[in-house]
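Good morning, everyone, and thank you for making time for this.

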Amino acid sequence: MKVFTCKDKLEDMLTCIYDAWCVALDIGHENVRLMREPVTQLDMFAEYIHVEADMEKVQKVIRSIRRISNRVYMNVYYTLMSARGDALDAAYRYLIAAFREGRSIEHMLTLPEVIKVMELGRAVSNEAHMFRERARFVAIDRRVYVCHIEPKSNVVMFVANHFADRMMSEHWMILDDNRKLAVIHPRDEDIYTRYLTDEELDVLKKLEDIEDEYTKMWRTFFSSISIEQRRNYECQRNMFPLWSRTHAPEFKTP
(Lines give C-alpha, C1' and ligand atoms only; values in the text may rest on other atoms or scores of the structure.)
Protein backbone atom coordinates (compact mmCIF):
# COMPACT_ATOMS: atom_id res chain seq x y z
CA MET A 1 0.00 0.00 0.00
CA LYS A 2 1.28 3.44 -0.99
CA VAL A 3 -0.07 6.34 1.07
CA PHE A 4 0.23 9.81 -0.46
CA THR A 5 0.22 12.66 2.05
CA CYS A 6 0.06 16.44 1.64
CA LYS A 7 -0.72 19.69 3.42
CA ASP A 8 -4.30 20.80 3.99
CA LYS A 9 -4.30 23.21 1.04
CA LEU A 10 -6.30 22.90 -2.18
CA GLU A 11 -3.26 23.04 -4.46
CA ASP A 12 -1.43 20.37 -2.45
CA MET A 13 -4.47 18.07 -2.38
CA LEU A 14 -5.08 18.32 -6.13
CA THR A 15 -1.40 17.60 -6.76
CA CYS A 16 -1.66 14.63 -4.40
CA ILE A 17 -4.58 13.30 -6.45
CA TYR A 18 -2.52 13.66 -9.64
CA ASP A 19 0.54 11.85 -8.28
CA ALA A 20 -1.50 9.09 -6.67
CA TRP A 21 -3.41 8.52 -9.90
CA CYS A 22 -0.21 8.20 -11.92
CA VAL A 23 1.10 5.52 -9.55
CA ALA A 24 -2.28 3.79 -9.42
CA LEU A 25 -2.17 3.24 -13.20
CA ASP A 26 0.60 0.70 -12.50
CA ILE A 27 -0.40 -0.80 -9.15
CA GLY A 28 -4.16 -0.27 -9.09
CA HIS A 29 -6.34 2.23 -7.25
CA GLU A 30 -7.03 -0.25 -4.46
CA ASN A 31 -3.33 -0.11 -3.52
CA VAL A 32 -3.29 3.66 -3.15
CA ARG A 33 -4.57 5.82 -0.31
CA LEU A 34 -4.53 9.58 0.23
CA MET A 35 -4.21 11.40 3.55
CA ARG A 36 -3.76 14.95 4.72
CA GLU A 37 -0.98 15.86 7.11
CA PRO A 38 -0.28 15.57 9.93
CA VAL A 39 -0.60 11.78 9.84
CA THR A 40 -1.15 10.71 13.43
CA GLN A 41 -1.25 6.93 13.06
CA LEU A 42 1.20 5.18 10.77
CA ASP A 43 0.72 1.81 9.12
CA MET A 44 3.99 -0.12 9.38
CA PHE A 45 3.23 -2.00 6.16
CA ALA A 46 2.56 1.13 4.07
CA GLU A 47 4.94 3.36 2.16
CA TYR A 48 4.30 7.06 2.83
CA ILE A 49 4.99 9.56 0.05
CA HIS A 50 4.87 13.30 0.77
CA VAL A 51 3.57 15.49 -2.08
CA GLU A 52 4.26 19.20 -2.62
CA ALA A 53 2.01 21.50 -4.62
CA ASP A 54 2.69 21.74 -8.36
CA MET A 55 0.51 24.28 -10.18
CA GLU A 56 0.93 22.57 -13.55
CA LYS A 57 -0.47 19.34 -12.11
CA VAL A 58 -3.23 21.28 -10.35
CA GLN A 59 -4.39 22.79 -13.63
CA LYS A 60 -4.33 19.39 -15.33
CA VAL A 61 -6.53 17.88 -12.60
CA ILE A 62 -8.99 20.79 -12.72
CA ARG A 63 -9.27 20.64 -16.52
CA SER A 64 -9.80 16.88 -16.45
CA ILE A 65 -12.56 17.11 -13.85
CA ARG A 66 -14.31 19.99 -15.61
CA ARG A 67 -14.43 17.93 -18.79
CA ILE A 68 -16.83 15.64 -16.94
CA SER A 69 -18.95 18.53 -15.60
CA ASN A 70 -18.76 21.62 -13.42
CA ARG A 71 -21.05 19.94 -10.91
CA VAL A 72 -18.58 17.09 -10.44
CA TYR A 73 -15.82 19.64 -9.91
CA MET A 74 -17.87 21.47 -7.29
CA ASN A 75 -18.60 18.18 -5.51
CA VAL A 76 -14.86 17.50 -5.34
CA TYR A 77 -14.11 21.08 -4.25
CA TYR A 78 -16.61 21.01 -1.38
CA THR A 79 -15.30 17.61 -0.29
CA LEU A 80 -11.71 18.82 -0.18
CA MET A 81 -12.79 21.75 2.01
CA SER A 82 -14.11 19.33 4.65
CA ALA A 83 -12.25 18.92 7.94
CA ARG A 84 -12.94 15.19 8.01
CA GLY A 85 -9.75 13.13 7.96
CA ASP A 86 -11.01 10.89 5.15
CA ALA A 87 -12.16 13.73 2.87
CA LEU A 88 -9.17 13.64 0.50
CA ASP A 89 -9.41 9.90 -0.04
CA ALA A 90 -13.19 10.21 -0.45
CA ALA A 91 -12.69 12.76 -3.24
CA TYR A 92 -10.20 10.43 -4.91
CA ARG A 93 -12.62 7.45 -4.80
CA TYR A 94 -15.38 9.67 -6.16
CA LEU A 95 -13.18 10.72 -9.08
CA ILE A 96 -12.45 7.08 -9.91
CA ALA A 97 -16.19 6.51 -10.29
CA ALA A 98 -16.69 9.84 -12.10
CA PHE A 99 -14.08 9.12 -14.79
CA ARG A 100 -15.55 5.64 -15.19
CA GLU A 101 -19.20 6.70 -15.46
CA GLY A 102 -18.83 10.14 -17.00
CA ARG A 103 -21.45 12.84 -16.47
CA SER A 104 -24.06 10.28 -15.44
CA ILE A 105 -22.28 10.11 -12.07
CA GLU A 106 -24.32 13.19 -11.13
CA HIS A 107 -27.46 11.02 -10.94
CA MET A 108 -25.97 7.87 -9.36
CA LEU A 109 -26.97 8.85 -5.85
CA THR A 110 -26.86 5.29 -4.51
CA LEU A 111 -23.16 4.72 -5.17
CA PRO A 112 -21.19 4.65 -1.89
CA GLU A 113 -18.60 7.05 -3.35
CA VAL A 114 -21.31 9.54 -4.31
CA ILE A 115 -23.12 9.23 -0.98
CA LYS A 116 -19.89 9.98 0.90
CA VAL A 117 -19.10 13.04 -1.20
CA MET A 118 -22.64 14.38 -0.89
CA GLU A 119 -22.52 13.90 2.88
CA LEU A 120 -19.21 15.74 3.23
CA GLY A 121 -20.27 18.51 0.86
CA ARG A 122 -23.53 19.06 2.72
CA ALA A 123 -21.67 19.37 6.02
CA VAL A 124 -19.30 21.97 4.53
CA SER A 125 -22.22 23.92 3.06
CA ASN A 126 -24.04 23.93 6.41
CA GLU A 127 -20.94 25.13 8.24
CA ALA A 128 -20.39 27.90 5.68
CA HIS A 129 -23.99 29.04 6.17
CA MET A 130 -23.50 29.03 9.95
CA PHE A 131 -20.44 31.28 9.78
CA ARG A 132 -22.10 33.67 7.34
CA GLU A 133 -24.63 34.32 10.09
CA ARG A 134 -22.01 34.53 12.86
CA ALA A 135 -19.33 36.64 11.25
CA ARG A 136 -18.58 39.61 13.52
CA PHE A 137 -16.59 42.53 12.10
CA VAL A 138 -14.56 45.04 14.10
CA ALA A 139 -14.13 48.50 12.56
CA ILE A 140 -10.55 49.80 12.60
CA ASP A 141 -10.63 53.63 12.48
CA ARG A 142 -13.90 53.30 10.51
CA ARG A 143 -11.79 52.36 7.49
CA VAL A 144 -11.12 48.61 7.61
CA TYR A 145 -13.41 45.88 8.90
CA VAL A 146 -11.77 42.75 10.31
CA CYS A 147 -13.50 39.47 11.12
CA HIS A 148 -12.00 36.40 12.79
CA ILE A 149 -13.51 32.93 12.47
CA GLU A 150 -12.34 29.47 13.51
CA PRO A 151 -14.33 26.97 11.43
CA LYS A 152 -13.67 23.26 11.44
CA SER A 153 -13.81 23.04 7.63
CA ASN A 154 -12.18 25.44 5.19
CA VAL A 155 -15.20 27.67 4.57
CA VAL A 156 -13.60 31.12 4.73
CA MET A 157 -13.90 31.65 0.96
CA PHE A 158 -17.60 30.74 0.99
CA VAL A 159 -18.15 33.25 3.80
CA ALA A 160 -16.11 35.92 2.00
CA ASN A 161 -18.05 35.51 -1.25
CA HIS A 162 -21.23 36.24 0.68
CA PHE A 163 -19.90 39.57 1.95
CA ALA A 164 -18.23 40.49 -1.34
CA ASP A 165 -21.69 41.23 -2.76
CA ARG A 166 -22.84 43.10 0.35
CA MET A 167 -19.78 45.16 1.33
CA MET A 168 -18.26 45.83 -2.06
CA SER A 169 -17.42 49.46 -1.29
CA GLU A 170 -15.61 48.73 1.97
CA HIS A 171 -12.12 47.58 2.91
CA TRP A 172 -12.43 44.33 4.88
CA MET A 173 -10.78 41.02 5.59
CA ILE A 174 -11.97 37.70 7.01
CA LEU A 175 -9.39 35.59 8.81
CA ASP A 176 -9.43 31.85 9.38
CA ASP A 177 -7.28 31.69 12.50
CA ASN A 178 -7.01 27.88 12.40
CA ARG A 179 -5.44 27.88 8.94
CA LYS A 180 -3.74 31.30 9.12
CA LEU A 181 -5.63 32.17 5.94
CA ALA A 182 -6.93 35.65 5.16
CA VAL A 183 -9.42 36.65 2.49
CA ILE A 184 -8.82 40.32 1.72
CA HIS A 185 -11.23 42.67 -0.04
CA PRO A 186 -9.92 46.09 -1.12
CA ARG A 187 -12.67 48.63 -1.75
CA ASP A 188 -14.45 48.07 -5.10
CA GLU A 189 -11.96 45.36 -6.09
CA ASP A 190 -11.92 41.57 -6.22
CA ILE A 191 -11.13 39.48 -3.17
CA TYR A 192 -7.89 37.54 -2.88
CA THR A 193 -6.39 35.10 -0.37
CA ARG A 194 -3.13 35.18 1.53
CA TYR A 195 -1.52 32.88 4.10
CA LEU A 196 -0.32 34.80 7.15
CA THR A 197 2.84 34.45 9.17
CA ASP A 198 2.57 33.82 12.93
CA GLU A 199 3.62 37.43 13.60
CA GLU A 200 0.98 38.86 11.25
CA LEU A 201 -1.74 36.71 12.78
CA ASP A 202 -0.74 37.75 16.31
CA VAL A 203 -1.01 41.43 15.36
CA LEU A 204 -4.42 40.93 13.76
CA LYS A 205 -5.70 38.96 16.75
CA LYS A 206 -5.02 41.94 19.01
CA LEU A 207 -7.48 44.01 16.96
CA GLU A 208 -10.30 42.03 18.55
CA ASP A 209 -9.63 43.85 21.82
CA ILE A 210 -10.89 47.05 20.24
CA GLU A 211 -14.29 48.13 21.54
CA ASP A 212 -16.21 49.82 18.71
CA GLU A 213 -19.84 50.70 18.10
CA TYR A 214 -20.51 47.34 16.45
CA THR A 215 -19.20 45.42 19.46
CA LYS A 216 -21.54 47.41 21.72
CA MET A 217 -24.39 46.93 19.24
CA TRP A 218 -24.09 43.14 19.33
CA ARG A 219 -24.04 43.08 23.12
CA THR A 220 -27.02 45.43 23.34
CA PHE A 221 -28.98 43.40 20.82
CA PHE A 222 -28.17 40.13 22.58
CA SER A 223 -29.28 41.39 25.97
CA SER A 224 -32.34 43.32 24.76
CA ILE A 225 -33.98 40.34 23.00
CA SER A 226 -33.36 38.03 25.95
CA ILE A 227 -36.39 37.06 28.05
CA GLU A 228 -35.34 35.98 31.51
CA GLN A 229 -38.27 33.60 32.00
CA ARG A 230 -37.57 31.83 28.70
CA ARG A 231 -33.84 31.31 28.93
CA ASN A 232 -32.87 27.88 27.59
CA TYR A 233 -29.11 27.39 27.52
CA GLU A 234 -29.34 23.92 26.02
CA CYS A 235 -31.28 25.24 23.04
CA GLN A 236 -28.87 28.16 22.78
CA ARG A 237 -25.89 25.80 22.63
CA ASN A 238 -27.61 23.78 19.90
CA MET A 239 -28.28 26.88 17.80
CA PHE A 240 -24.94 28.55 18.56
CA PRO A 241 -22.40 25.84 19.59
CA LEU A 242 -19.76 26.75 22.15
CA TRP A 243 -16.88 26.04 19.75
CA SER A 244 -18.17 28.66 17.29
CA ARG A 245 -18.51 31.48 19.88
CA THR A 246 -14.82 32.30 20.19
CA HIS A 247 -15.09 35.55 18.25
CA ALA A 248 -18.69 36.52 19.09
CA PRO A 249 -18.55 39.72 21.21
CA GLU A 250 -22.00 39.11 22.71
CA PHE A 251 -20.60 36.12 24.62
CA LYS A 252 -17.50 37.93 25.86
CA THR A 253 -17.25 39.83 29.10
CA PRO A 254 -16.57 43.52 28.35
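Before I talk about pairing, let me say what I mean by the word: two strands count as paired if DSSP finds at least two bridges between them. Please also keep in mind that this is a predicted model.

With that in hand, look at strand β6, residues 171–176, and strand β7, residues 181–185, which pair in the antiparallel sense over five bridges. Within this pair, I174 stands opposite V183 in β7. These two strands belong to an open sheet of five, which runs in the order β4-β5-β6-β7-β8 with mixed pairing. At its edges are β4 (137–140) and β8 (192–195), each of which pairs on one side only, and from one strand to the next the twist averages 25°.

Now, which residues lie nearest the centre of the largest pocket? They are F222, I225, Q236, F240 and F251, out of a lining of 20 residues, and the pocket itself has a volume of about 680 Å³. Its lining divides into 10 nonpolar, four polar and six charged residues.

The second largest pocket has a volume of about 280 Å³, and of the 18 residues that line it, L10, E11, Y77, T193 and Y195 are the closest to its centre.

Technical notes: Residues numbered from 1 in each chain as written. Predicted model: local features only at pLDDT ≥ 70, side-chain atom pairs only at ≥ 80, totals over all residues. Heavy atoms only, no water. Helix = DSSP H or I, 4+ residues; strand = E, 2+ residues; numbered from the N terminus. Axes fitted to C-alpha atoms, helices over the stretch in contact; angles between N-to-C directions. 1 Å grid on protein atoms, 1.4 Å probe; cavity = no way out; pocket = protein on both sides within 12 Å on 5 of 7 lines; lining within 4 Å. Points joined across faces, edges and corners; volume = space filled by probe spheres on them. Nonpolar A, V, L, I, M, F, W, Y, C, P; charged D, E, K, R; others polar.
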